[in-house]
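Reader: I have the model open and would like to learn how to read a few of its features. Could you walk me through them?

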Amino acid sequence: MSVRCLKLIIAFDGSSYCGWQRQLTDSTIQSVIEGCLKTMTQESITLHGAGRTDAGVHALGMAASFSTHSAIASHGLLKGLNRLLPRDIRILAVTEERDDFHARFSCVGKEYCYKFSCASIMYPGDRLYMAHFPGDFDQNIAQQCLDLLVGEHDFLSFEAVGSRDRSFDGGRGAVRTIFRAEIKCDPAHESHYAITIAGDGFLRHMVRNIVGTVIRTAQGKRTVNEFAAVFASKDRSCADATAPAHGLILTEVFY
């Protein structure tokens, strides 16, 4: 049979995994799914993700693609994978794609959501899916900071070391375009918030670095003007600590 290109939409709880990317010893989302695909297709499958997620990060709509000679129908793969996979990884959809489709290189954007609580005491059930930043918090200040991010900007101030080869002169460097950045409060829990950021691409730890600095500003540790100065400085050392991984969710990948 000719080679087929298939796309998976994946949801996972990242609490028990060392991120997306396959590693030699630790369990990762990629390696677990590849193992189940091998069982079903009897082929050594390389699964290409739309991006990499760190240990503890979750997903509601991760995308990945792979090539196979298997004749198993898409709906058969969907059912079979979900029977084989652990319960903290689910395949939401399997679709046939063009031969030139690639989950990473065909992607035109992603959306992330970061959940956190500012309550003095956090419910134990939230500890793996929401970060804890106890203290006063001004949602309006946070939104003013997020508004500054929308559009095409250099995000060097929020880029982690090792994100890319900075000696390479080509490409777009740390320039990315943010389509939307907003914060909402959970109406059922006034101290629970979610920051959503959608853009055409993200640097390593970029969302978590932004969130850490936005929250510190909204808790009165700096002003909005000082946040703007941090953003403009193109100096990671000026921004605040990286927010914990477990509050981050990859919600959607755009094609």
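Author: Gladly! Let us begin with a helix pair: Cys36, Leu37, Thr39 and Met40 in α1 meet Gly76, Leu77, Gly80, Leu81 and Leu84 in α2, where contact means heavy atoms within 4.5 Å. Those residues comprise six nonpolar, three polar and no charged; Ala, Val, Leu, Ile, Met, Phe, Trp, Tyr, Cys and Pro count as nonpolar, Asp, Glu, Lys and Arg as charged, and the others, Gly among them, as polar. This is a predicted model, in which local features need pLDDT of at least 70 and side-chain atom pairs count only at pLDDT 80 or more, while totals for chains, interfaces and linings use all residues. Residues are numbered from 1 along each chain as its sequence is written, and side-chain values use heavy atoms, with hydrogens and water left out.

Reader: At what angle do the axes of α1 and α2 cross?

Author: Axes are lines fitted to C-alpha atoms, for helices over the stretch in contact, and angles run from 0 to 180 degrees between N-to-C directions. Helices are DSSP runs (H or I, at least four residues), as are strands (E, at least two), numbered from the N terminus. Here helix α1 (residues 29-41) and helix α2 (residues 74-84) have axes that come within 10 Å and cross at roughly 125 degrees. The two are therefore oblique to each other; under 35 degrees counts as roughly parallel, over 145 as roughly antiparallel, 65 to 115 as roughly perpendicular and the rest as oblique.

Reader: How many aromatic pairs are there?

Author: Rings of Phe, Tyr and Trp (its six-membered ring) pair if their centres lie within 6.5 Å; planes under 30 degrees apart count as stacked, over 60 as edge-to-face and the rest as tilted. By this rule there are nine aromatic pairs. Take Phe116 and Tyr193: their ring centres are 5.6 Å apart and their planes are at 25 degrees, so the pair is stacked. Phe116 belongs to strand β5 (residues 109-117) and Tyr193 to strand β9 (residues 189-199), so the pair ties together parts 77 residues apart in sequence. Phe116, Phe133, Phe137 and Tyr193 form one aromatic cluster.

Reader: Is Phe116 buried or exposed?

Author: Buried means under 20% relative accessible area, exposed over 50%, partly exposed in between (1.4 Å probe, protein chains only). Phe116 is buried, at 0%, and Tyr193, at 10%, counts as buried too. Asp54, in the loop between β2 (48-49) and β3 (58-68), is partly exposed at 28%.
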